[in-house]
Every structure is written in structure tokens, then in C-alpha cells.
Amino acid sequence: MIDEKKQHDDSDESAARARKIKEIKEAVRRKNEQFSADSNVKSEASPETAESSTAPAETVKSEPSESTENVQAETPEAATENSFGEDWEKSLADKISRHSGAVRKKKNPTVTAESILAELDGLAETGNAQGTDGADGQNISGNIIAQPEAVPETAPEEIQAEAAAVSEKSEKSASKKKKKSKKKKTLKQSLRELFPEKGDSKGECVRKIVFLVSCAAIIVFGSIVGEYYIGNWLTQRAYEEVLVDYPEPVITKPTVTAPTEPEILLTPMPEAQKLLNINSEVAGVIDIPGTNVNYPVMQSDDLEKYLNLTIMGKEARAGSLFLDYRNNFDRVVDGKLVAENSDIQIIYGHNMANGMMFGDLKNYKNYDYYYGEHPVINLNSNYYCYTYKIFAFFILDAKDKTDTAFDCWNKFDFDNEEDFFNYVNEAKRRTLRTNDVDMKYGDKLLVLSTCNTIFGQDGPGRFIVMARLVREGEDPYEGTQNSQANPNIKWPSLYYDYNSNQKYDPEAFVPYNAAPEETTENTEELG
């Protein structure tokens, strides 16, 4: 009975195996035809196929044979048989998928049934070796392991789904390779992408516009700053080269020609002649020892000509220092002095942030010690050298029309002694620091004028430095070394608008001791 049963089982197993071989060959044939038709066609799997490919254990099974139904009904080992059948089907799908992938990679669309069967036979033998013990076909647990009967009818669809997935993956890989193999963008293309293009989203357009505006602002601002500093540096270098052979100023006294003596012809000093060869409108050279103030002084009929023009005639923000056109300062024509020097010489210049031109003058206001270290100004004409000592420096409002107005830049000569002391006392009332420099009627004065930002960057503020000519035989530093902060400053009215708690006290002011006393006529009448 056992032999007959065994022969019957062997016969069933052979029949099942024959059916499986036939179905596998049919599946392989279909697969080969699919690859031959179009190896790059992307096949979209249906939801049912996708489910079967991801969960092969849940695919629809073919109708079991009568013998299988009897085994399932009569023996408890049917569950084990079904489980093995499901594992076998899943293994079959995996094998075919792997072979399909291998064929795609090798570009050889030939899959043989023998190669798949060889792997399946090895799996079956491994399963039998591990699951059986003896000729009776029982496993260790006593269950009978039955060979699977048939490949599910959905196996070809599963194969197609797996092939489609492999094809899609291959196409993606090829697409990535194409992207990598793309040529590098040209500079023109890269620059074009910085600007808004058709198809850009609103947010992308805004981002590009903001980026471009920012770049433009940086370029413009950078060019302005670069032009300012580079231009100033070049201007300073040019002036240094111009004055490289100019000697240090010395104190001299102009020669006064008596009316009865023969007329003397004046010629420019050699160093001054070199400057006149560069520009005939050079009036002299000013120098404040120990500071950056060391420049030629220009004079033209146009007061604004040298605001942004150098001695070489080139445009520059720093411009030049220039003498008021109304001044007479050793004015010589054909070797003859044609006019007596003005009582007041007025020189203008820019207040440059880097100290160029009159940029260092603000230090008299900013630092208490600065005046004591730099109280002397040397001013040379083309014919003579002069030295002045500073006695006052203060702030004015150029547009002041109130009782605090002081247009010191509009006076060049004094009418009399009273006029002289009114002028110098007005300067003393405003000076930021007091000193012991004395004043005498007949002293020649020098006024330096530059801008000041106390009333705004482009406001009417002016910073004034006033000095008088050093007398013959006088110590240039006498009276300059004991300066003190002025406790009673007379400010412009605009200043008091911002500082209402401050007030000038005229009764506390001590004028220069030179005001005219009672006339001699009154004294004689008393006698």
C-alpha cells in the first residue's frame, strides 16, 4: 500500500512539475517578446498588479486539483503545503525579476527556463533536505511536505509589473546620467539666469529683483567711496610732489620802499616761481607746522573756481585752498607792487574728513591741547614770508540775520581804531578758548574759513580760525601757552534754539584793553 501510494504521489508530482515547466517557458517566452519589441518602453502596472508585485503572498491562487483538495480535507499538513506553495511562487517571481534586471544591465534580453529551473530545483532540494527525515516524507515535526501544484495564473502579470519597475528605474538612472553629462553653462547663460525669466514664479522674480538692486547699490556706493578716497589720495600725492622742493617758511619782514628812494623791482622767490610755472594763479603757500595744512593758495576772480579744482587744473573733491578775490596780498604787476596789502587776508578751504585742506582745523575745537601745540601759521606770498599767531577760533552761522550775526568774511580793511577793536573783540567773545595774545591797532589779521557740521551736514555752520601778524622781534608763541576754555561763549542764535538752557552774558566779557578813552578835548575842558 505504501509503494502504491508513493508511486501515485510521484506521478502527481511529475505531472505538476511538467505543468510548471510549461507555464514557466510560456512566461519566459512572453518576457523575451516584450524585451525584443521595445526594451525602453515604460509599462504602467495596474493597481492589482502592483499589489501582487509587492505582496506576492496574497495573489489569487489557481484551483487546486482533486488530490490536493482531498489532502487538505483529510490531513492537517495541508497548511504546510499551501505555505510552501506560496513561498515557491514568491521565490519564482523574485528569480524572474532578478534575471530580468540582470538581462537589462547586460543588454541581453535572453532568459532561459533552464536557468530559472536550476535555481528552483536547488531551492526545492534545500527545502526537502531541511524539512524531511527518512523515506516516509515526514519532517521533524511530523508534517508531510507536499510539492506545489501549479504556478498562479497571475504570474505573467507579476512579471510584467516587475519588468516595468525595472524599466522605470533604468530610465531614471539614464536621465540622471544625461543631466550629469550636460555641458557646463556659459557665462552668458549664467548671467541671464540672474534676471527674471518667463516661467519664474512671483517669489522667484521678487528674489531676483531684490538681488539685482542690492548688487547695483553696492556697486554704486562702492564706486562713490572708492572715488572719494582714491581721488583724495591722488590729490594729496600731487600736492606733495608740487611742494617737494618748497623750503620751510621763515619769518621775514617785507621791505618798505621810501617814496624818495628809487623804485625796486620785485621778482618771485625761486620756489614760488616753480609753482607759478604750474599755475599763474598761485598767490602763495600756507603751512601750520605739525598739521596736514601745507598747500598752495590760489586766487582767482571767480570765488568758486577752486572749490573742486586743483593747482594742476584737475577736478577733485578736495579742491584747493584759495584767497578771497577781494584781497590784496602782495599783488605785483610787472615787478611793481600795485596795491597795499589788505588789513585782513581771508582764505577758504574744504573741511575734509581725512584731514586734507582745512580738515585739521576742527581739531582746535575737538581737543583742548591742540591750540597750545599748533598756535602758529606761516603764510608766504610769492615774494615774502609772513608768520601769524592764532588768537581766536569759533563757530558761526553763515545765514545768521539776528543780533548774533558776524560776517567776518566780508571785511578786508578797517576804517579806524574803533572799527578794528570792534572786530577783534567780536572774535574774542566767540572764541572757544581764551589766551593771552594781545592786540594793537594796526595789526594785520589772517582769517581761515571752513565748513562745520554743528548745524547739519550741509548746514550753514562755519568754523573760523583768526590770527594776527607776528610783530618784528616778537616771540611767535608768546601769549599762546596759557589758554583756557571760554566759560562765556557768544554763539549764533541757531545754537540757542537747540540749547535753550545756555545764555551769553555780555557783562562778564572782558574786551581787549584798547578801546578809545575819553577824548583829549574833554580832558582840556576839565583843565
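**Reading aromatic pairs in a predicted model**

A search of the whole structure, which is a predicted model, finds 16 aromatic pairs.

Q: What describes a pair of aromatic rings?

A: A pair of aromatic rings is described by the distance of the centres and the angle of the planes. In this structure, Tyr371 and Phe393 form a pair with 5.6 Å from centre to centre and 45 degrees between the planes, and the pair is tilted.

Q: Where in the chain do Tyr371 and Phe393 lie?

A: Tyr371 belongs to helix H11 (residues 370-373) and Phe393 to strand S8 (residues 385-397).

Q: Why does Tyr371 count as buried?

A: Buried means under 20% relative accessible area. Tyr371 has 0% relative accessibility and therefore counts as buried. Phe393 also counts as buried, because its relative accessibility is 0%.

Q: Which kind of aromatic pair do Phe406 and Tyr423 form?

A: Planes over 60 degrees apart count as edge-to-face. Phe406 and Tyr423 have 65 degrees between their planes and 5.4 Å between their centres, so their pair is edge-to-face. Phe406 is in the loop between S8 and helix H12 (417-430), while Tyr423 is in helix H12, so the pair ties together parts 17 residues apart in sequence.

Q: Are Phe406 and Tyr423 buried or exposed?

A: Both Phe406 and Tyr423 are buried.

Q: Which residues do ring pairs link into a cluster?

A: The cluster consists of Phe394, Phe406, Phe414, Phe420, Phe421, Tyr423 and Tyr441, linked by ring pairs.

Q: What sits over the ring of Tyr512?

A: The charged end of Lys428 sits over that ring, 4.4 Å from the centre of the Tyr512 ring.

Methods: Residues numbered from 1 in each chain as written. Predicted model: local features only at pLDDT ≥ 70, side-chain atom pairs only at ≥ 80, totals over all residues. Heavy atoms only, no water. Phe/Tyr/Trp six-rings, centres within 6.5 Å; stacked < 30°, edge-to-face > 60°. Helix = DSSP H or I, 4+ residues; strand = E, 2+ residues; numbered from the N terminus. Buried < 20%, exposed > 50% of the residue type's maximum accessible area, 1.4 Å probe, protein only. Lys NZ or Arg CZ within 6 Å of the ring centre and 35° of its normal.
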